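Student: I would like to learn how to read a structure like this one. Please take me through it.

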Amino acid sequence: MLDFHSHLIPGVDDGSKDIKMSVGMLDMWKEQGVDFICATPHFYADSNSPSRFLEKRNTAYASLMEALQQTPGGLSSYPEIALGAEVYYYRGLSSCEDLNSLCLQGTKLLLIEMPFSGKWTDYMIREITEIKSMGIIPVAAHIERYMKIQPSGKIDDLLDTGILIQCNAEFFLSAKTRKKAFRMISDKTIDFIGSDAHNLTSRQPDIGPAEAAIEKKLGPDALHHVRKNESLVREAFRAYKARGGKE
Ligand SMILES: [Fe+2]
């Protein structure tokens, strides 16, 4: 099982506070049968530069790896971790020179968090199209969170850019939303699922229960499209590792 969206890296955003919490979260993922995690800390261009963000993220990741090596099972008993970012959309994002370095390691996938306030503008939609034309594959983070706040026409405009769609596990677990979530996964509208886990309690790793609920309701084939995309991520990341971490 793969988790496409998480705030596992300690001390870099509002996710895991410290190494102890990150190890606790990893234990929860392990228990759920997750073997691959995309670590996607928040990147906000108004308070950080890509280079500072990457340095902080990579240093925290290295400390976490060191801590995992000291555990009884060692590093290999934990899920693989690919580093990425959850990039908050801002005007001018398409001109950011470091977009490639914010993509998930080994891939051209860029997780973008669209704005929560105000109606999305045509300019924003054009900019997402522009990013796609640059060879980067934008992925809209937790699209379900916008469905109540954006008119459906705006969501459709975004989908028409060819952006891929990530939904949070919670979408499938909440009694209020799961009907729609099951319909969307059946329609293959959802390309990736992520827990968007931030901690051990209020926003904990919950992708295992979500995928179990999908399979119980719709059968294992319902996840076929998502699994295919996940395989591409795994392969691309392993090839990146085999190249010694070179893009
Ligand atoms: Fe997130």
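**Strands, crossovers and a metal site**

Tutor: Start with a crossover: β6, helix α4 (residues 122-133) and β7 form a right-handed β-α-β unit. Right-handed means that, with the strands pointing away from the viewer, the path from the first strand over the helix to the second runs clockwise. Helices (H or I, at least four residues) and strands (E, at least two) are DSSP runs, numbered from the N terminus. This is a predicted model: local features need pLDDT of at least 70, side-chain atom pairs count only at pLDDT 80 or more, and totals for chains, interfaces and linings use all residues. Residues are numbered from 1 along each chain as its sequence is written, and side-chain values use heavy atoms, without hydrogens and water.

Student: How many bridges join β6 to β7?

Tutor: Two strands pair if DSSP finds at least two bridges between them. Here 4 bridges link β6 (residues 109-113) and β7 (residues 137-140), which run parallel. Leu110 faces Pro138 in β7.

Student: Which strand and helix make a β-α-β unit with β7 and α5?

Tutor: β7, helix α5 (residues 152-160) and β8 make that unit, and it is right-handed. β7 and β8 (residues 164-168) pair in parallel over 2 bridges. Ala140 has Ile165 as its bridge partner in β8.

Student: Which residues are the protein donors of the iron ion?

Tutor: Donors are N, O and S atoms within 2.8 Å of the metal (3.2 Å for Na, K and Ca); water is not among the atoms, so sites may look incomplete. His5 (NE2), His7 (NE2), Glu86 (OE) and Asp196 (OD) lie 2.1 to 2.2 Å from the iron ion. His5 and Glu86 are 81 residues apart and link distant parts of the chain.
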